[in-house]
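I'd like to walk through some ring packing, and then a few contacts.

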Amino acid sequence: MKKLFLVTVLALFTLGCGGGGDDNPVFQVVTNPTPQPTQTPTGTVEIIPGREKTFEFPSFSNSSKLVVVANHQVTTETSSASAAAKVNLVGPTSTARDLVQGRTDSDLPTGFNPCGYADAYAYSQVLEPEVMEQSSPEIRPRYQELAEGEEVEFNLVISAKKIRARKILEPSETIHCSIFAEVLDGTPVVDRAKALAVAEAFDSDNPQRRGSGIYEQVRALFGSEWNQNPPGGNDGDEKIVIVFFSSKTLGESLFGFVSPLDANPNGGTNSNKGEIIYVNANKPEYQTLATISHEFQHVINLNQKIIRQGQHPSGAKDENVSINEGLSGLSEEICGYTYESGNDLLVRVTNNYLSKPEEHEFFNFYAAGLGYGQGYLFFRYVREHFGDQTIRAISTDPEVGLKNLDDHLGPGFPEVFRRWTIANYATNLQAVPSIYRYPSGLKTNGTYPAGKLVGVKTFPLQNNGDTTSPQLGPWSTAYLAFDSLTGTGLQATVTPAGGSAYGVLFEQLEDRLNSLEGGE
C-alpha cells in the first residue's frame, strides 16, 4: 500500500525540462519617506501600509502614460488571502489603447520543468522516517576511485527508475568531478570527448567564463558542498559525481536534477548517497554546462541549510523552493550562461514570469506553473543592488524563507520586493532613479542574443470609471496602465490591494519617466 502511495504521489509531479539615489535631475520623485520593516519574534515582517490616495496629473496629454504597480504583500510567506487593487480615473473623454502585452510565446509548454529538484524534494518529503532508515548510514566505496569502465547502479528518484551507469574517464583525468553515463544497449550515452569537455569546464576552464571552472565559480558565491565530517561528504568523495541519463529514460524536457535523498545518510534505498548531479545527456554542450551550474547550487544549498558539514542539526529547514531555484538561476548567470551568451532557456522562464506576474506568488513556486523566472529576476536585482556579499549571506545563513531574505536585505524584504516590481516596468524607461533600475542595463522588454524579453504584462485602465485588478495572491503584482488618445489632464484614485504599498508611474512623454508617486 505504501508503494502504491508513493507511485501516486510521483504521478502528481510533472516531469519536464530540467540601492542608491537618483542622479538625474529631470526625474522628480514624489513620495513619502519609507519606514524600514522590522522582524518580529514570530518570523513575520512588518508591511509598509498603502493608503487610498488621489493623484493629479494636469499635464497628462495624448503623449502621456500612467501605470499603477499594485502589489499584494502579507506578513508571512504563505497565506490564503487574496486582494485586488482598484483605480478610478477621471480625465479626457477618450478610449484607452490596448496595452496588454507579453502574451505570445511566453507560456511554458505542458510538462516543461528544466530542473527536477523541486520534484525530488517533494518526493523526499513523503517518505516516512522508518522507510528512510532502512539503509545503513555507512559510507559507500568512493565513486571517484572507480576505474574507467566500471559500472554503478543509480536510482533516479523522480521517476522510480534505476539505471546502470558506466564510469567515463580515469580518476587521474579529473580534479573536481567523477562522470558516469547511463548504459543503453551496451553503450554509454556520453562518450569520452564530451566527458573530457565537461570535466575541463567544471574543473578548471569554464568556456563562458574563462580562468577557472564552474566548481570554483559557484562555490565562491554560494558556499561549499558537504565535504567534511566525514571528509568527502556522504560518499567520502572529494569530487562531485555527475551522472548523465538518457532522454529516453526521463524525457526530452528534463534538463537535470539533484535529489535531497542523496544528501541524507539515512536516505533509504532511494538514496545514492553522495554529492550528485543528474544531467540529460541529449542536450548541447552549452545547455549541459548551464544545467550543471544550476544544479550545483542545489547541492551546495542542501549543505548550507540542512547538512551543515555533516552536523545535520535538529530543526534544520530546507530553503523555500522559490528562493532555492532563484539562486540556481543566478548561478547560471554567475558562470556566464546568460541572455547575452545565448541562454534561451533562461529567456523562456523569465518570459513566463513577465507574461503573468499577477498569477505568480513569490514564495509559492507552483502558483502559476513554475516560478523559475521570478526567482532569477529577483536575485539578479538583489545582486546588482546589494552585491555578492548579500547573495552569499542569504545562501549560507541556516535561516530560510522570508525571514532569511528580510534579515539580509537592508531596507527589508517588503521594500525590496516593492522596488523590484516597479523596476521590472520602469527599467524600460528613460530617466529612472537607480533603485528602480537593473544597474547592468537589463531591460525586461529588451532583445538579447538568446531571445527577446516580452516586458511585463499590463492591464488597461478604464477611463472615467473604475478598474479592478485581478485577484492577487500573496506576494504577487499587477500592472495597470492608461494611455490616452486625446485630451489633457487626469485624476487617478488608487485603492491598494490588501492595504499594500504601490507605485504610480507618470510618463509625460511616453517611455520617459516624469514622476513616481508612492502610495505609502
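So, start with Y372: with a relative accessible area of 4%, this tyrosine is buried. Keep in mind that this is a predicted model. Which ring does Y372 pair with? Its partner is F365, and the two sit edge-to-face, 5.0 Å centre to centre with 90 degrees between the planes. F365 is buried as well, at 2% relative accessibility.

Now go along to F378 and F379. Their ring centres are 5.3 Å apart and the planes are at 80 degrees, which is over the 60 degrees you need, so we call that pair edge-to-face too.

If you're wondering why I keep quoting two numbers each time: a pair of aromatic rings is described by how far apart the centres are and by the angle of the planes. Across the structure there are 33 aromatic pairs. And F378 and F379 belong to one aromatic cluster, together with Y353, F362, F363, F413, F417, W420 and W475.

Let me stay on F378 for a moment. You'll find F378 in helix α10, residues 372-386. What does F378 touch, once we set aside neighbours within four places in sequence? The list is F362, L405, L409, F413, V416, F417 and W420. There's also T421: 43 residues away from F378 in sequence, but 8.8 Å away in space, C-alpha to C-alpha.

Okay, helix α13, residues 413-426. Is α13 mostly covered or mostly open? Mostly covered, with 14 of its 14 residues buried.

The crossing of α8 past α10 is right-handed. Who makes the contact? On the α8 side, we have S322, I323, E325, G326, L327, G329, L330, E333 and I334, and on the α10 side Y372, Q374, G375, Y376, F379, R380 and R383. Notice that Y372 and F379, from our ring pairs, turn up in that list.

A few other spots before I stop. K283 lies over the face of F255, 4.3 Å from the ring centre.

Then two loop residues. S469 is in the loop between β15 (465-468) and β16 (476-482). Buried or exposed? S469 has 5% relative accessibility, so it counts as buried. Beyond residues up to four places away in sequence, S469 touches A84, A85, A478 and L480.

L509 is in the loop between β18 (502-507) and β19 (515-518). At 51% relative accessibility, L509 counts as exposed, because the cut-off for that is over 50%. Where does K65 come in? L509 and K65 are 444 residues apart in sequence, yet 7.4 Å apart in space, C-alpha to C-alpha.

That's my tour, happy to go back to any of it.

How values were computed:
Residues are numbered from 1 along each chain as its sequence is written. This is a predicted model: local features need pLDDT of at least 70, side-chain atom pairs count only at pLDDT 80 or more; totals for chains, interfaces and linings use all residues. Side-chain values use heavy atoms; hydrogens and water are left out. Rings of Phe, Tyr and Trp (its six-membered ring) pair if their centres lie within 6.5 Å; planes under 30 degrees apart count as stacked, over 60 as edge-to-face and the rest as tilted. Buried means under 20% relative accessible area, exposed over 50%, partly exposed in between (1.4 Å probe, protein chains only). A charge sits over a ring if NZ of Lys or CZ of Arg is within 6 Å of the ring centre and within 35 degrees of the ring normal. Helices (H or I, at least four residues) and strands (E, at least two) are DSSP runs, numbered from the N terminus. Contact means heavy atoms within 4.5 Å. A crossing is left-handed if the near helix is turned anticlockwise from the far one by less than a right angle, and right-handed if clockwise.
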